[in-house]
Amino acid sequence: MSDANENKEMGTVTTIYHEFEAWQVNRGEKTIHAKRMPGFFRTIKNYTQLALWLPFFLVPYLRWNDKQAILFDIQNRQFHFFDIMVLPQDIWMLSLLLLIAAMTLFAVTSVASRVWCGYFCFQTAWTDWYTWLEDKIEGNPAARRKLDDAPLSLDKIKKKTIKHALWLLLALLTGISFSIWFVDAFEYWNNLIHLNLPKVGWVVLALFGVGTYLLAGFLREQACIWLCPYARIQGVMGDSQTILPTYDVNRGEPRGKLRKGGEAGPPQGDCIDCFQCVQVCPTGVDIRHGQQLGCITCGLCLDACDAIMDKVGKPRGLIRYASLDEMSGKPVHKLYQHPRTLVYVTIILIAMSGIIYGLTHLGAMSLKVLPERQPLFVQMSDGSIQNKYAFKVLNKTDKDIHVKVTAESGIEGQVLIGAENAPLTHHGRGTSFTVFVKVPSKSLKQEITPIHFRVEGVEDPTVFAEYTSNFNGPKP
Amino acid sequence: MSDKHNAGDVPTTGHVWDGDLADFANQPPKWWMLGLTASAIWCVVYFLYYPSIPVSNTQSFFKGIGGWTAISEMEADKSIVDEVRGKYEAKLKDMTPAAILADSELTEYVTRSGKVLFGDNCAACHGTNGVGAADAQGLIAPKLNDDDWLFGGKIEDVHTSIVGGRQAVMVAHKEILSAAEIDTLANAIAAGTPTSTPLFAEKGCTACHGADGKGMQALGSANLTDGIWRFDGSVEGIKYTIENGVNAGPGARVAIMPSFQAAGKLSDAEMKKLAVYVYKFGK
């Protein structure tokens, strides 16, 4: 790029390789030891991480009516959410929930870039906690680098052992906490302590334990840069209106070391090239190169730069949350003038109303009636026509109930056979039984007559479900 | 590589293409070499553990040191299935079909395996789901999903039919009755009112079909007053049945239910299962 002659010789493609050299991405060749500095965004990050992930550890222990309050009971195919029980038949709501989650991610990202990555993501959070432990045990980044390079000694072994033991403990706790969302928490602990988990339980625990240990302990920012698809997806959600941690080039450049008072030299920008922004960065990028792949927009460089600006007596905000429009001097739009965000919000609202509808219309019972198709109907010896129906009743209440079956077809002389003694429906799973409907052939006016079935609780008729099927007969 | 991007003193393979293209002679990464070695070892172990080498001329093969066979794997799977079925099968042994029917859980189990048994042993004549199967002469075997039972529709009757088989006989009447008499009878029967003609009693039809023409289940004689026909229910069809009889030599209608006990094909439990399954068709 700087060498015009070379470009002419080698073609413009070569410029890509020059750019490559300027990319500030650690490709895993060095461990990043980020400095921990207090500050506004550091505090926010501490709280947001805990707000999202402390419940992950604690909520499974919450009890409700002697049962786990929130339990994704995959084995029995039931999801419990306090008083609500969601069965696989209602799982369509899950797709709406996922849609909401995706759209919220998109909306937030389009407004304020990778907020998820910087403040909430488990990879960021766990890495942060792991490095916090590291910091407490091995000391500050300089001490850590020194320790890494030092030859093996008793002190080094001690520190490393403690660190890895604590890491593994946190990893194990993570694996356990994940598992107990899917099985009863106290039962799980009991089984775990007695080494009595089922095989799948051990596999899940091992996967999540080892996964956490490797991802948060070793892979760290490499997971964000090379592994995580969401990082890439979120990259395309931003536009020139999106605010993100930005280095104010106009104010900062040309950068240069701080001069002693009165020292003469060429004009200088506000950036004193102290590299604090790079040192605190958990992914090791230099924000002064602008928005880039490695940046998870956690705001820690803002804290670092502001602290320095305070010290050198210059205004804060050399690195600040700003949009590309703002930095290039274009008019800044209001949030409601951002059509992309409005579209996301609309989709979120539609999906939310879908879920609210679903949860309020779950019903305590559902019914499916499948008419026998081979044969469609049977002629009985007295000339009447009989149809056979397979009933599938899903009882979503918490007890087994007997149901009364009724049918309404408008055909004169209709007789319902097979459900006289109120079949028992089991709670939490489907119950099948067969019902026959017999009508005199002379009452049949057409080949196909709609027939309306209803099942209702014998003791509590408010628990009911209905289904419309067909009654088949010969051509009249 | 071009001079511009020479990666220092890494040796090349020595081949140069197009004047300036060369390959680095780098070692593959260690993890990759480990993977390759592990795969090679795995191949050998797998080859030795499982059946692998066919031995020519002997129709034989190296059986592997693990002793694995697909058959034994299948047997192991089957024993798991048998274990699940075991507790039901043990109960079935000493139960009557009626007792099975009274137990809703067992009925559920029995109808499920009954479906397969019915498909294998019964559906050829009785049709899938007992809808009946017809040939030019009418039904090959009776429909099982209605409420008309030649030999009785109680669960015990159905079970007896399966175990012992059924075969009723109606003699050919073409030598016994005149054409006019047969014609009169056939028309009366087709109308559903066999007793409307005095011939029905005079010629001895009542001996088997009953004084009211409703049949006798002990003999397996058909009810001639309902709308269900074992054979062709048209006047011509009825005449043919009267003339040639049923199971009465050449030309007669054939209606034979084989004994499944005599055939030895089904176990006692299986015949009980089928009885319940068939009984549930129409009830």
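Mentor: In this predicted model, two residues are in contact if their C-beta atoms, placed from the backbone, lie within 7 Å.

Trainee: By that cut-off, how many residues of chain B are in contact with chain A, and how do they divide by class?

Mentor: The chain A side of this contact has eight residues, and the chain B side has 12. By class, the residues of chain B that touch chain A are two nonpolar, six polar and four charged.

Trainee: Which orientation do helices α6(A) and α10(A) have to each other?

Mentor: Helix α6 (residues 122–138) of chain A packs on helix α10 (residues 199–219) of chain A with the axes 8 Å apart and an angle of about 75°. Angles of 65 to 115 degrees count as roughly perpendicular. Therefore α6(A) and α10(A) are roughly perpendicular.

Trainee: Which residues make that contact, and how many of them are charged?

Mentor: From α6(A) come A:Q123, A:W126, A:T127 and A:Y130, and from α10(A) come A:T212, A:L215, A:A216 and A:G217.

Trainee: How are α7(B) and α10(B) oriented to each other, and what is the handedness of their crossing?

Mentor: The axes of helix α7 (residues 179–190) of chain B and helix α10 (residues 235–244) of chain B come within 9 Å and cross at roughly 125°. The crossing of α7(B) and α10(B) is right-handed.

Trainee: Which residues of α10(B) take part, and what are the class counts for the whole contact?

Mentor: The α10(B) side consists of B:V235, B:I238, B:K239, B:I242 and B:E243, while the α7(B) side includes B:I182, B:D183 and B:L185. Over the contact of α7(B) with α10(B), the residues divide into eight nonpolar, one polar and three charged.

Trainee: Which strands stand at the edges of the open sheet of four strands in chain A?

Mentor: The order of the sheet is β13-β11-β15-β16, with antiparallel pairing. Each edge strand has a single partner, so one side of it is left without a neighbour in the sheet. The edge strands are β13 (424–425) and β16 (464–472).

Trainee: What is the bridge partner of A:I401 in β13(A)?

Mentor: Strand β11 (residues 401–408) of chain A runs antiparallel to β13(A), and two bridges join them. The partner of A:I401 is A:T425.

Trainee: Where in chain A does pLDDT stay under 50?

Mentor: Chain A averages a pLDDT of 88, and 93% of the residues score at least 70. The stretch under 50 has five contacts beyond four places in sequence, and it is residues 1–14.

How values were computed. Residues are numbered from 1 along each chain as its sequence is written. Chains are lettered from A and ligands numbered from 1 in the order in which they are written. This is a predicted model: local features need pLDDT of at least 70, side-chain atom pairs count only at pLDDT 80 or more; totals for chains, interfaces and linings use all residues. Axes are lines fitted to C-alpha atoms, for helices over the stretch in contact, and angles run from 0 to 180 degrees between N-to-C directions. Angles under 35 degrees count as roughly parallel, over 145 as roughly antiparallel, 65 to 115 as roughly perpendicular and the rest as oblique. Two strands pair if DSSP finds at least two bridges between them. Ala, Val, Leu, Ile, Met, Phe, Trp, Tyr, Cys and Pro count as nonpolar, Asp, Glu, Lys and Arg as charged, and the others, Gly among them, as polar. A crossing is left-handed if the near helix is turned anticlockwise from the far one by less than a right angle, and right-handed if clockwise. pLDDT is the predictor's confidence in each residue, from 0 to 100.
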